[in-house]
Amino acid sequence: MTHARPAILFVDHEQDTLQRLRQLLQGEAWECHFVSSAAEAMKYLQKHRVDMVVSDTQTADMDGHQLFAEIHKLYPGIVRIYLSSYANQDNVIKALAEGYCQQIIPKPWIDQELKEILRSAIRQSHQQKKHSLAFQALINSIPLLPALPESYSNVRACIVGDEVNIEKMADYISQDVAISSILLHWANSALFGQRFQVDTIKKAIIVLGTDIVENLILSESVNRTIAAKLPEIKGFDFGQFKKHSMATAVLSRLLIKSLHPTDFVHHDRAFVAGLLHDLGKLAAASFFPMQFETAIEFAKNRKLPLTEAEMATYGTQHAELGGFLAEWWALPPFIVNAICWHHQPHLTSIDQDVVAAAHVANLLSYQFHYGSNGDTCLRGIADNYREKFYLSEEANEILRAKTDQTISALAQ
Ligand SMILES: [Fe+2]
Ligand SMILES: [Fe+2]
């Protein structure tokens, strides 16, 4: 199957600018087209497939803001980027705030930087095309997606092939007091069953394993960067969200042990899947807080599961959104899969046990009152999953006690 080359339309009233762009991008594997007015741009869009429009804030015949508003309305799947000089800053801020523009390339630009921004936007555009039009429109109403937190990439850099440089990883982690303390807490928790005190980061890495270490760091970094700027959202409590994620991680690991008692890869994956399963809620809360709040309210008033209220409010739901973000960050496929399907585990044919564990852990976590964060109407656990994980009243009580013990130790 051949893939069409990414197509970019450039709009600028200065012929000089268009000429420089033409020269700069001639060696790239992109189909670039250049026009100087909004009218020409709209005419071109009617007849050609375009993935991205890069426009000056002022075209020959129309304000760039107006042009992007029009494109956003008619072609919600197209990524929109401003080429902007400092003088047009107000226009840019307005367009960003209203979701008509997703990224800005400053004028004059640095060649490498411009190519990097275009590359990243093309990757996002390609990825979002796999989703529904409603989803594309939603993604295209927010700024381009954030980069993977640096701390996660730095820790991953300590792993080359199957070799882990534990000294280097421990040195790096030790520089961050909050992350160090989180790792030590988990390593000493009952969940990982240590009989001796784990008192150094190096020992914590050995006890937890690198999969868990890197994903605890990822979740903490995301919490810091995305969630630190969260506006107030009625019905969504960030503290509860964190507790819910931790409890789901604990439960997911405990559950999968009943299926694979000695398979540590499964144990670790189930923990990570539980920890990150609701990443999309953070994304929704941070990218479009008002719609997210409306969905929570809708779910509450109509006594619906949050996912159904989200579909009714903005045409997608947090599992799809979280999976998209995880894929954008190139997280391992089992994480993407678990995030995407944690509400509908029967729809995936890969990593089924991990996804099923995260699914049941999520429901148990609510049942045990770990964080409501938006979901007020909860379905019970289906019989086939009760049987799969040997859930009985007695088993539930054991799971509840173990979870309480771990979470309360972590909260201290
Ligand atoms: Fe969820
Ligand atoms: Fe959840």
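Helices (H or I, at least four residues) and strands (E, at least two) are DSSP runs, numbered from the N terminus. The model is predicted: local features need pLDDT of at least 70, side-chain atom pairs count only at pLDDT 80 or more, and totals for chains, interfaces and linings use all residues. Residues are numbered from 1 along each chain as its sequence is written, while chains are lettered from A and ligands numbered from 1 in the order in which they are written.

The chain holds 21 helices and seven strands. Its radius of gyration is 24 Å, close to the 22 Å that the globule rule gives for 412 residues, so the chain is as compact as a globular protein of that length. The radius is taken over C-alpha atoms, and the rule is 2.2 Å times the number of residues to the power 0.38. The C-alpha trace spans about 75 × 55 × 45 Å along its principal axes. Of the 412 residues, 42% count as buried. A residue is buried if 20 or more other C-beta atoms lie within 10 Å of its own, exposed if 12 or fewer, and partly exposed in between, with C-beta atoms placed from the backbone. Two residues are in contact if their C-beta atoms, placed from the backbone, lie within 7 Å. Among contacts between residues at least 6 apart in sequence, 64% join residues at least 24 apart.

The chain is divided into domain 1 (7–139) and domain 2 (226–411). These bounds come from an automatic or database domain assignment. The C-alpha centres of the two domains lie 37 Å apart. Seven residues from domain 1 and seven residues from domain 2 make the contact. On the domain 1 side, helix 5 (111–128) and helix 6 (133–139) are the elements that give two or more residues. Helix 6 gives the most, with three residues. That side divides into three nonpolar, four polar and no charged residues. Here Ala, Val, Leu, Ile, Met, Phe, Trp, Tyr, Cys and Pro count as nonpolar, Asp, Glu, Lys and Arg as charged, and the others, Gly among them, as polar.

The largest nonpolar core has 110 residues, of which Met52, Leu183, Ala273 and Ala357 touch the most other members. Helix 19 (residues 352–367) supplies the largest share of this core, nine residues. Domain 1 and domain 2 each contribute at least three residues to the core. Such a core is a set of buried Ala, Val, Leu, Ile, Met, Phe, Trp, Tyr and Cys residues joined through C-beta atoms within 7 Å. Beyond its neighbours within four places in sequence, Met52 contacts Ile8, Ile78, Val79, Ile81, Ala121, Ile122 and Ser125.

Among the buried residues are Ala357, His359 and Asn362.

Other backbone features fall in loops. A cis peptide bond joins lysine 107 and proline 108, with omega about 0 degrees. Proline 108 lies in the loop between strand 5 (103–107) and helix 5. Lysine 303, a residue other than glycine, has a positive phi near 55 degrees. Lysine 303 sits between helix 15 (289–302) and helix 16 (306–314). With 9 C-beta neighbours inside 10 Å, lysine 303 counts as exposed. Tyrosine 390 also has a positive phi, of about 55 degrees.
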